[in-house]
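Dear colleague,

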Amino acid sequence: MSDCLFCKIIKGEVPSTKVYENDYVLAFKDIHPVAPVHVLLIPKIHIDNLNCVTEDNIEYISKLQIAIKEVAKICGVKDEGYRVICNTGENGGQVVHHIHYHLIGGKKLGSKI
Ligand code: AMP
Ligand code: ZN
């Protein structure tokens with residue numbers, strides 16, 4: 001496993017506020033929330049970003065997709081709605097290079113870009 005920040009969170013070397021976990025996925029609160037609900041979902045293997053999703057690691061991404069609604073339910077936003085964002089690469093604003101989905105909600109969100 002890589003020693004990137006989110007791999008360290010998976011290994012428990014960096015603390016996080018866990019929201020949900022299974023064999024493939026970890027979800028934890030974003031340290032700088034932009035809305036009342038702001039959770040990051042990550043696969044439990046290191047994948048840099050969407051450009052690195054392949055047939056070999058797609059199982060983790062599939063599990064991540066399925067976990068979204070579980071996290072939304074736990075956070076109480078499943079029915080009212082929420083937004084999922086996956087920043088990719090420099091122009092996409094990706095800062096942490098371990099693929100992650102931002103699940104954001106708990107208020108009416110602004111413009112969709
Ligand atoms: P991105 O810009 O899409 O790469 O987003 C990275 C996100 O990780 C930002 O929203 C940060 O607030 C968040 N973040 C950085 N370090 C931590 C941490 N130790 N625990 C939780 N969230 C973090
Ligand atoms: Zn990583």
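How many disulfides does a search of the whole structure find? The search finds zero, and please keep in mind throughout that this is a predicted model. A disulfide is counted when two cysteine sulfur atoms lie within 2.5 Å. The sulfur of Cys-52 has its closest cysteine sulfur in Cys-86, at 11 Å, which is too far for a bond, and Cys-52 itself is partly exposed, with a relative accessibility of 33%. For Cys-75, the closest cysteine sulfur is again that of Cys-86, here at 18 Å and likewise too far for a bond, while the residue counts as partly exposed at 25% relative accessibility.

Turning to the aromatic side chains, the structure holds two aromatic pairs. In one of them, the ring centres of Phe-6 and Phe-28 are 5.4 Å apart and the ring planes stand at 80 degrees, so this pair is edge-to-face. Because Phe-6 belongs to helix H1 (residues 5–11) and Phe-28 to strand S2 (residues 25–29), the pair ties together parts that are 22 residues apart in sequence. Phe-6 is buried, at 5% relative accessibility, and Phe-28 is buried as well, with a relative accessible area of 3%.

The rings of Tyr-24 and Tyr-60 also form an edge-to-face pair, since their centres are 5.1 Å apart and their planes lie at 65 degrees. This pair links distant parts of the chain, with Tyr-24 in the loop between strands S1 (18–21) and S2 and Tyr-60 in helix H2 (residues 58–74), 36 residues apart. Tyr-24 is partly exposed, its relative accessible area being 22%.

Best regards

Methods. Residues are numbered from 1 along each chain as its sequence is written. Chains are lettered from A and ligands numbered from 1 in the order in which they are written. This is a predicted model: local features need pLDDT of at least 70, side-chain atom pairs count only at pLDDT 80 or more; totals for chains, interfaces and linings use all residues. Side-chain values use heavy atoms; hydrogens and water are left out. Rings of Phe, Tyr and Trp (its six-membered ring) pair if their centres lie within 6.5 Å; planes under 30 degrees apart count as stacked, over 60 as edge-to-face and the rest as tilted. Helices (H or I, at least four residues) and strands (E, at least two) are DSSP runs, numbered from the N terminus. Buried means under 20% relative accessible area, exposed over 50%, partly exposed in between (1.4 Å probe, protein chains only).
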